[in-house]
Amino acid sequence: MEGYKNNSCLANSVRYARDLINEPANVLNPEVMSQDIKRLEYLGLEVEILDEKAMLEKGFNLALGVAKGSDNLPRVAVLKWHGDTKQEKFKVGLVGKGVTFDSGGISLKPAANMGDMKQDMAGAAAVVATMKALALQKIKQNVVAVVGLVENMPSGKAYHPGDVIKSMSGQTVEVVNTDAEGRLVLADCLTYIQKMYKPQNVIDMATLTGAIVVALGSAYAGLFGNSKSLGLALMAAGDACGERVWHMPMDKEYDKLLDSDIADMKNSCGRPAGSATAAHFLGRYIEKDTNWAHIDIAGMDLSDGKKVLYPKGASAFGVRLLVEYIRRLKTAK
């Protein structure tokens, strides 16, 4: 009976993520998505929504830069689940990319298939739905999540290629391509979750690069990180639940490509090793004592309906994976 209940709770959460991802961008903007997330407090989750003013006060400069071109104001949602009453610390921190529509900004995307960019918040949806599943299943772990919700649009207010922006971490970023926006949103969220909550393990999830689709297609999500043990745990969880991840290389040679002549780093290095350089960009915002994994789910977020686990449309990839990973963690004694 317990197994049935847990699976029912998981199915409910997967459906929730799919519903969010399938919504058109004229319905689901950052404010609307944040309101829907706030509603989850009825489950026992603690939810805090940071508006544009709060984001500015706390230093979400990269995320705010991305959001400048849109009439829809940005939000950051913070969700906390205290399932382990024996301790106050958070064992896991989750971060999700929530770009509710990605036009590419001034570095405009091609028109073909741009409508699919309503799903560029799939990472945030998976993270939020994971938190819902933890609460429904009453999993005995302490988990905190931060999702950055923005819209990336071209306008007279939009950020430009060539801009230099100071991140929350203090590092400066040269904007080479405004379509490499997800890593900017994630960078500030990664800094914030480490600074405020100091989780032992941090996992971010994002539809980050088209390059990972070229590398892995729709069979695996790309896994990057600085911790072999965390990576192996995620791979094992993925194999168990059917949401597989493949460990991709990280190397100093990729990191060097990020160096900028006018800032601490640039936000894009072009097409070669695009997924690896994006991961290294995020890695520059990870503190030395933090175990970190980055999961690039581009290519996994939408389904053609031919796979057993996924109907046509949003797959909600990542919810099963994260819940399975967290469920396997040992509780404190």
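Buried, in this talk, means under 20% relative accessible area. Keep that cut-off in mind for the first residue. One caution as well: this is a predicted model.

Start with Gln-119. Its place is the loop between strand E3 (92-102) and helix H5 (122-137). Its relative accessibility is 4%, so Gln-119 counts as buried. What lies 2.7 Å from a polar atom of its side chain? The backbone oxygen of Asp-116. Leave out residues up to four places away in sequence, and Gln-119 touches Ile-21, Thr-207, Asp-301 and Leu-302.

Next, a serine. Ser-303 is found in strand E12, residues 302-304. Its relative accessible area is 12%, so Ser-303 is buried too. The side chain of Ser-303 reaches a backbone oxygen, that of Pro-311, at 3.2 Å. Set aside neighbours within four places in sequence. Ser-303 is then in contact with Tyr-310, Pro-311, Lys-312 and Gly-313.

Now the aromatics. A pair of rings is described by the distance of the centres and the angle of the planes. How many aromatic pairs are there? The count comes to 5. Take Phe-60 and Tyr-192. Their ring centres are 5.2 Å apart and their planes stand at 50°, so this pair is tilted. The pair links distant parts of the chain, 132 residues apart. Phe-60 is in the loop between helix H3 (52-58) and helix H4 (61-67). Tyr-192 is in helix H6, residues 182-197. Both Phe-60 and Tyr-192 are buried.

On to Tyr-220 and Trp-246. Here the centres are 5.3 Å apart and the planes are at 70°, so the pair is edge-to-face.

The charged end of Arg-244 sits over the Tyr-220 ring, 4.3 Å from the ring centre. There is another case: Lys-132 lies over the face of Tyr-16, at 4.6 Å from the ring centre.

Back to Phe-60 and Tyr-192 for a moment. Together with Phe-90 and Tyr-197, they form one aromatic cluster.

Helices now. Two packed helices are described by the angle between their axes and the distance between the axes. Take helix H8, residues 228-241, and helix H11, residues 319-328. They pack at an angle of about 115°, with axes 8 Å apart. H8 passes H11 in a right-handed crossing. Which residues make the contact? From H8, they include Leu-230, Ala-233, Leu-234, Ala-237 and Cys-241. From H11, they are Arg-320, Leu-321, Glu-324, Tyr-325 and Arg-328.

How covered is H11? Mostly: 8 of its 10 residues are buried. Among them are Val-319, Leu-322, Val-323 and Ile-326. Arg-320 and Glu-324 of H11 are also buried, and both take part in the contact with H8.

Then helix H10, residues 274-283. Of its 10 residues, 9 are buried, so H10 is largely enclosed by the rest of the structure. The buried residues include Gly-274, Ser-275, His-280, Phe-281 and Leu-282.

Ala-273 is found in the loop between strand E10 (265-266) and H10. Ala-273 has a positive phi of about 55°, although it is not a glycine. At 32% relative accessibility, Ala-273 counts as partly exposed.

Lys-198 is another such case. Its phi is positive, about 50°, and Lys-198 is not a glycine either. Lys-198 lies in the loop between H6 and strand E7 (201-206). With a relative accessible area of 61%, Lys-198 is exposed.

Where is Lys-140 found? In the loop between H5 and strand E4 (142-152). At 58% relative accessibility, Lys-140 counts as exposed. Lys-140 and Thr-130 are 10 residues apart in sequence. In space, C-alpha to C-alpha, Lys-140 and Thr-130 are 14 Å apart.

How values were computed
Residues are numbered from 1 along each chain as its sequence is written. This is a predicted model: local features need pLDDT of at least 70, side-chain atom pairs count only at pLDDT 80 or more; totals for chains, interfaces and linings use all residues. Side-chain values use heavy atoms; hydrogens and water are left out. Helices (H or I, at least four residues) and strands (E, at least two) are DSSP runs, numbered from the N terminus. Buried means under 20% relative accessible area, exposed over 50%, partly exposed in between (1.4 Å probe, protein chains only). A polar contact is a pair of N or O atoms within 3.5 Å; within protein, one must be able to donate a hydrogen and the other to accept it, and residues adjacent in sequence count only if both atoms are side-chain atoms. Contact means heavy atoms within 4.5 Å. Rings of Phe, Tyr and Trp (its six-membered ring) pair if their centres lie within 6.5 Å; planes under 30 degrees apart count as stacked, over 60 as edge-to-face and the rest as tilted. A charge sits over a ring if NZ of Lys or CZ of Arg is within 6 Å of the ring centre and within 35 degrees of the ring normal. Axes are lines fitted to C-alpha atoms, for helices over the stretch in contact, and angles run from 0 to 180 degrees between N-to-C directions. A crossing is left-handed if the near helix is turned anticlockwise from the far one by less than a right angle, and right-handed if clockwise.
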